[in-house]
Amino acid sequence: MPTSRRTFLASGAAAGVGLAVAGGLPSLAQASPTRPHPPVKPGNVPFPPLVDDPKGILALPKGFSYTIVTRTGVTRLDRGQGVTPSDHDGMAVYDAGHGRYTLIQNHEIDPGAEFGVPHVKGTVYDAGAVDAGGCTVIKTDLAGRNLGEFVALSGTIANCAGGPTPWGTWLTCEEAEDRAGDTWKEGGRSGVYQKDHGYVFEVWADGSADPKPIKCLGRYSHEALAVDQDRTRIYLSEDADGPNGLFYRWTAPHGVKLGPGVLTRLAPNAGVLAAMQIIMDDGSVLPDVAYLTSAQLGRPFPVRWIEVPDRDARTKSVREQFADGQVTRGRKFEGVWATDEGVYVVNSYAWDEGDLPADAAPHDGMVWFYNFKNQTIQLVTYFPHQTQSEEGAAVKYTDLTFDGPDNVTVTPWGSLVLAEDGTGASHVLSTIPGGPTYAIARNQLNDSEFCGPTFSADGKVLFVNMQDPGLTLAITGPWEKYLG
């Protein structure tokens with residue numbers, strides 16, 4: 001591996017976003033020693049109404065603008081590698097110096113896709129996963145110019161989200177559980193997986209590849225993850241059902257501190273992978289997060305962690321190794337993002353048959369905050385279920401009605417940005433824990449989800465993806481006025 005890496009400046013993890021719990025709800029402030037910010041107060045300056053885009057792509061508030069950085073099948077990869085792959089998803093931004101940025105981007109693709117990630121020598125994990133997922137590295141600047149893109153990881157499948165590390169890499173997650181020997185078919189093509197899938201991989205911002213699975217973090221339908229401030233624990237989400245997925249914590253072996261390349265060198269059984277148990281007043285385990293509602297906003301619940309028996313899921317999926325009532329399940333555990341004090345995790349929705357226990361409350365989205373020191377979790381944002389969303393029907397107030405929060409990031413000012421993947425109009429949202437939520441962008445092109453929102457650490461650019469038709473967007477404007 002190269003001995004020098006570009007400085008990691010993704011928002012939140014490296015910018016030192018801190019969070020102090022006061023009165024039960026998080027009070028957010030940036031912990032930068034050089035430029036402290038006061039706590040964010042709900043409703044400081046509401047975002048203006050969204051204005052429709054004459055190009056029919058992205059509605060934004062007045063004073064904001066966007067540039068398309070990459071477009072599936074149109075923009076070209078460097079080194080003759082082909083064209084930009086499809087299904088843009090999770091993403092991180094890094095400072096490349098001289099007013100430029102480096103993006104590492106997931107592509108959530110199964111094999112046989114029209115615009116899959118091409119197999120490039122040195123980047124391939126599974127040669128049997130042809131035209132499937134992986135990661136590309138994108139060079140851009142404040143103006144959103146495309147300064148180049150190339151493959152950093154290929155031969156993986158369904159690379160959904162992941163998380164940036166404090167040491168400047170990107171941990172990409174496969175949302176899959178396919179095994180070596182399984183077959184795939186797509187568009188008249190077929191193939192056989194040569195390796196197991198459902199792992200986490202480390203990707204470097206300079207494009208150097210090491211396509212080796214990090215088996216100690218388990219094999220399941222990974223969604224996203226975040227590394228804690230001590231570099232000894234990783235928090236991971238699982239987007240799965242039948243039964244619903246889990247929220248996990250991996251603890252490094254004693255004396256091990258995470259850093260460049262450490263995870264890929266650990267043994268498959270290194271550390272402890274454990275699943276979350278939310279503890280109720282009577283000492284019992286909450287069986288599903290959907291039993292809690294907006295009535296519990298801000299209330300901290302104790303958390304315990306129970307070790308996963310077989311993290312590589314050799315005979316049974318990890319989430320199936322626990323009996324109902326032994327762990328706290330949740331439909332669509334999605335985005336995860338860390339601060340100095342804790343970690344946010346999102347549940348997108350639970351309202352359809354099989355999404356939640358029959359006696360639990362349907363919802364259109366939940367955002368949680370787990371406090372490292374107190375080992376408690378609290379509900380900080382809640383979207384009640386609206387029946388219009390069940391059929392994707394239009395609502396009267398499109399830019400006031402939200403459902404399906406997915407990816408999450410912490411802004412340089414300490415508030416949150418969410419990407420919607422719901423049944424109505426898709427938005428990028430600004431939300432303050434315990435406070436209001438505002439629409440800051442709307443997909444005007446189609447109903448595709450937004451993915452991978454991430455701020456440059458200087459606060460000048462919000463990068464976000466539109467999964468279909470596969471667009472990387474750079475949004476600029478007076479962010480600090482509304483978020484700071």
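Visitor: How many helices and strands does the protein have?
Guide: The model is a predicted one. Strands are at least two residues long and helices at least four. Counted in that way, the protein has 2 helices and 30 strands.

Visitor: What radius of gyration does the protein have, and what does the globule rule give for 484 residues?
Guide: The C-alpha trace spans about 55 × 55 × 50 Å along the principal axes. The protein is as compact as a globular protein of its length, because its radius of gyration is close to the value from the globule rule. The two values are 21 Å for the protein and 23 Å for the rule.

Visitor: Which residues are closest to the centre of the largest pocket?
Guide: The largest pocket has a volume of about 190 Å³. It is lined by 15 residues, which divide by class into 5 nonpolar, 8 polar and 2 charged. Closest to the centre are Ala393, Ala394, Val395, Gly424 and Ala425.

Visitor: What percentage of the contacts with a separation of 6 or more comes from residues 24 or more positions apart?
Guide: A contact here needs heavy atoms within 4.5 Å. Among contacts with a separation of 6 or more, residues 24 or more positions apart account for 60%.

How values were computed: Residues are numbered from 1 along each chain as its sequence is written. This is a predicted model: local features need pLDDT of at least 70, side-chain atom pairs count only at pLDDT 80 or more; totals for chains, interfaces and linings use all residues. Side-chain values use heavy atoms; hydrogens and water are left out. On a 1 Å grid over the protein atoms alone, a cavity is a set of points where a 1.4 Å probe fits but cannot get out, and a pocket is an open set with protein on both sides within 12 Å along at least five of seven lines; lining residues have an atom within 4 Å of a point. Grid points are joined across faces, edges and corners, and a volume is the space filled by probe spheres set on the points. Ala, Val, Leu, Ile, Met, Phe, Trp, Tyr, Cys and Pro count as nonpolar, Asp, Glu, Lys and Arg as charged, and the others, Gly among them, as polar. The radius of gyration is taken over C-alpha atoms; the globule rule is 2.2 Å times the number of residues to the power 0.38.
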